[in-house]
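Let's take a walk through this structure together.

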Amino acid sequence: MSDMTLEQLAGYQNLVITQPRCPFCVKAKAILDERGTEYTTLVLGADLEKTTMVEFIEQKTGQTVRTVPQIILDGQYIGGHDDLVAFLERQVDSEAFGDFEL
């Protein structure tokens with residue numbers, strides 16, 4: 001087990017925290033792979049203690065999370081799989097309007 005520190009976690013710009021046999025982790029990583037997004041995967045129990053993940057996300061967002069995946073893109077906390085899907089849909093919607101202003 002790695003003794004990953006909060007400072008080390010904060011250094012990742014693109015990070016997916018997963019655990020074995022997690023179907024939503026697999027789906028989230030597949031979405032990122034399809035988009036060509038480079039990211040680091042940390043596996044709970046092997047690379048990272050769950051308590052460290054909970055503390056890290058709590059420190060970053062003020063939210064207590066206990067599930068995986070937990071996703072950070074460009075240093076911004078995204079959330080889990082469903083949050084990633086919604087985040088990417090919002091990006092597509094905003095790109096469709098280009099420079100449109102009210």
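What follows is a tour of the sheet, the helices, the cores and the disulfide. Keep in mind that you are looking at a predicted model.

Start with the sheet. Four strands make it up, and it is an open one: reading across, the order is E2-E1-E3-E4, with mixed pairing. Out at the edges you'll find E2 (40-43) and E4 (76-79); each has a single partner strand, so one side of each is left without a neighbour in the sheet. Compare neighbouring strands and, ignoring direction, they are turned by 20 degrees against each other on average.

Now look at how the strands are joined. E1 and E2 are parallel and share 4 bridges, with Leu15 sitting opposite Thr40 in E2. To get from E1 to E2, the chain passes through H2, and this β-α-β crossover is right-handed. On to E3, where the pairing with E1 is antiparallel and has 3 bridges. One spot to look for here is Val16, whose bridge partner in E3 is Ile71. Strand E3 (residues 70-73) is also antiparallel to E4, and 3 bridges hold that pair together. Find Leu73 there, and you'll see that Gln76 in E4 is its bridge partner.

H2 (residues 23-34) stretches across E1, E2 and E3, and runs at about 160 degrees to E1. H3 packs on the sheet too, touching E1, E3 and E4, and its direction makes about 45 degrees with that of E3.

Are its two faces covered or open? Both are covered: Leu15 and Ile17 are buried on one side, and Val16 and Thr18 are buried on the other. Take Thr18, which belongs to strand E1. Its relative accessible area is 3%, and because anything under 20% counts as buried, Thr18 qualifies. Setting aside neighbours within four places in sequence, Thr18 is in contact with Cys25, Lys29, Thr41, Leu42, Val43, Leu44 and Val68.

In soluble globular proteins, nonpolar side chains tend to be buried together. Here the largest nonpolar core has 18 residues, and the ones touching the most other members are Leu9, Ile17, Leu48, Met53 and Val68. Helix H1 (6-10), strand E1 (15-18) and helix H3 (50-61) each put in at least two residues. Which of them gives this core its largest share? That's H3, with 4 residues. As for Ile17, not counting residues up to four places away in sequence, Ile17 touches Leu42, Leu44, Leu48, Met53, Val68, Pro69 and Gln70. There is a second, separate core as well, with 9 residues, including Val16, Leu32, Leu73 and Phe87.

Last stop: the disulfide. A disulfide is a covalent bond between the sulfur atoms of two cysteines. This structure holds 1, and it is formed by Cys22 and Cys25, whose sulfur atoms are 2.4 Å apart. Turn the view along the link of Cys22 and Cys25 and you'll find 80 degrees about the S-S bond, which is right-handed. Are these two cysteines buried or exposed? Cys22 is at 9% relative accessibility, so Cys22 counts as buried, and Cys25 is buried with a relative accessible area of 2%.

Notes:
Residues are numbered from 1 along each chain as its sequence is written. This is a predicted model: local features need pLDDT of at least 70, side-chain atom pairs count only at pLDDT 80 or more; totals for chains, interfaces and linings use all residues. Side-chain values use heavy atoms; hydrogens and water are left out. A disulfide is a pair of cysteine sulfur atoms within 2.5 Å. Buried means under 20% relative accessible area, exposed over 50%, partly exposed in between (1.4 Å probe, protein chains only). A nonpolar core is a set of buried Ala, Val, Leu, Ile, Met, Phe, Trp, Tyr and Cys residues joined through side-chain atoms within 4.5 Å. Contact means heavy atoms within 4.5 Å. Two strands pair if DSSP finds at least two bridges between them. Axes are lines fitted to C-alpha atoms, for helices over the stretch in contact, and angles run from 0 to 180 degrees between N-to-C directions. A crossover is right-handed if, with the strands pointing away from the viewer, the path from the first strand over the helix to the second runs clockwise.
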